Structures are given as C-alpha cells and as structure tokens.
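Opening the notebook on a new model today. I'll jot down what I look up as I go.

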Amino acid sequence: LMDNPDALKLPADKIENGLVFVAEQGSWVKGFAANLSLNDGNMELDALFVDPEYWNQGVGRLLVEYCACKAKTAGASCLNVTGNSHAEGFYLSCDFKKIGVIETQFGIGLLMVRYL
C-alpha cells in the first residue's frame, strides 16, 4: 500500500453519504473502513485499514462488525470483500466465506462473502 497510496483513497461522496466509518479513541484514529453499494442491493466492504500499531486489538473486527450491521440495516443480504491472501484467516474469523479469486492490481485477490 505504501507504493500505491491511491488504493486507500476514499471518495468524498462516500464520506458525505455516511458510508465511511472511523475507529478512534480520543483524538487517535485507529482505523477505518467503507461500505460500497452494489447494483444487486448488497454491499462491499472496502478500504479496511487498521494502523499497524493497533493490530490484534479487535479494531479490524469492530470495523467489520459495524460495516456488516450498517449493510444489513440498509437492506443488504450479504457483505462482499476482496481480500489478499494474508488476510484470509482474519476474514474467515469474521464469518466470511471464500467464493473465488480475482486478479487485482496487487496480485490474486480472494473473493469472499458474509451472509447477513
């Protein structure tokens, strides 16, 4: 990601429409994530990022759970994500199921879904 900072660029309209969520404690931002609306009425978890200083403290899981709750409230029946192989265990532990693979700008990505 350091070589491709645009990969985590969040469009202003997503922020304005309440689709970007930030985990913070006091004035410290620990991470963020976004939900993207899909044409089929479902949502995609996008731009999940946790500051490495806060890894393994439940921040990523909290963001996933919040995004799943918001997606369900919006009427989605599932939350999709394209993750990298290093994050497969994390997403599986968050109740995502692997449904395939896809070529991304970073290599092979895992297509995963969490039914809501």
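Predicted model: local features only at pLDDT ≥ 70, side-chain atom pairs only at ≥ 80, totals over all residues.

**Entry 1: Glu 88**

I find Glu 88 in helix α3. Leaving out neighbours within four places in sequence, I get contacts from Glu 88 to Lys 98, Leu 110 and Met 112.

**Entry 2: the whole chain**

Stepping back, I counted three helices and six strands in the protein chain. Read from the N terminus, I have the order as α-β-β-β-α-β-α-β-β.

How does the radius of gyration compare with that of a compact globule? For 116 residues I would expect a value near 13 Å, and the protein chain has 14 Å, so the two agree. The C-alpha trace spans about 35 × 30 × 25 Å along its principal axes.

On burial, 34% of the 116 residues count as buried. The accessible surface comes to about 7,400 Å², and carbon and sulfur atoms hold 53% of that. For contacts with a separation of 6 or more, I note that 49% are between residues 24 or more positions apart.

**Entry 3: helix α2**

Next I listed the buried residues of α2: Val 59, Gly 60, Leu 63, Val 64, Cys 67, Ala 68 and Ala 71. What covers them? I find strands β1 (20-25), β2 (28-37), β3 (43-50), β4 (78-83) and β6 (107-115) among the cover, along with helix α3 (88-93). Just after α2, Gly 75 has a positive phi of about 100 degrees.

Cys 67 is in no disulfide, and its nearest cysteine sulfur, that of Cys 69, is 10.0 Å away. A disulfide needs sulfurs within 2.5 Å. I checked Cys 94 too: its closest cysteine sulfur is that of Cys 67 at 11 Å, which is too far for a bond.

Both get a burial note. Cys 67 has 0% relative accessibility and so counts as buried. Cys 94 has 1%, so Cys 94 counts as buried as well.

**Entry 4: aromatic rings**

I searched the whole structure for aromatic pairs and got four. One of them is Phe 21 with Tyr 66, an edge-to-face pair at 5.0 Å centre to centre, with 70 degrees between the planes. Phe 21 is in strand β1 and Tyr 66 in helix α2, so this pair ties together parts 45 residues apart in sequence. Are the two partners buried or partly exposed? Phe 21 has 9% relative accessibility, so Phe 21 counts as buried, whereas Tyr 66 has 42% and counts as partly exposed.

I then looked at Phe 32 and Phe 49. Their ring centres are 5.6 Å apart and the planes meet at 35 degrees, so I log the pair as tilted. This pair also links distant parts of the chain, with Phe 32 in strand β2 and Phe 49 in strand β3, 17 residues apart. Phe 32 is buried at 18% relative accessible area, while Phe 49 is partly exposed at 28%.

I also noted one aromatic cluster, formed by Phe 90, Tyr 91 and Phe 96.

**Entry 5: Val 101**

Last stop is strand β5 (residues 97-104), where I find Val 101. Not counting residues up to four places away in sequence, Val 101 touches Ile 108, Gly 109, Leu 110 and Leu 111. I had met Leu 110 already, as a contact of Glu 88. I also checked Val 101 against Ala 68: their C-alpha atoms are separated by 21 Å, and the two are 33 residues apart along the chain.

Conventions. Residues numbered from 1 in each chain as written. Heavy atoms only, no water. Buried < 20%, exposed > 50% of the residue type's maximum accessible area, 1.4 Å probe, protein only. Helix = DSSP H or I, 4+ residues; strand = E, 2+ residues; numbered from the N terminus. Contact = heavy atoms within 4.5 Å. Phe/Tyr/Trp six-rings, centres within 6.5 Å; stacked < 30°, edge-to-face > 60°. Rg over C-alpha atoms; globule rule 2.2 N^0.38 Å. Areas by Shrake-Rupley, 256 points an atom, 1.4 Å probe, with all protein chains shown as cover.
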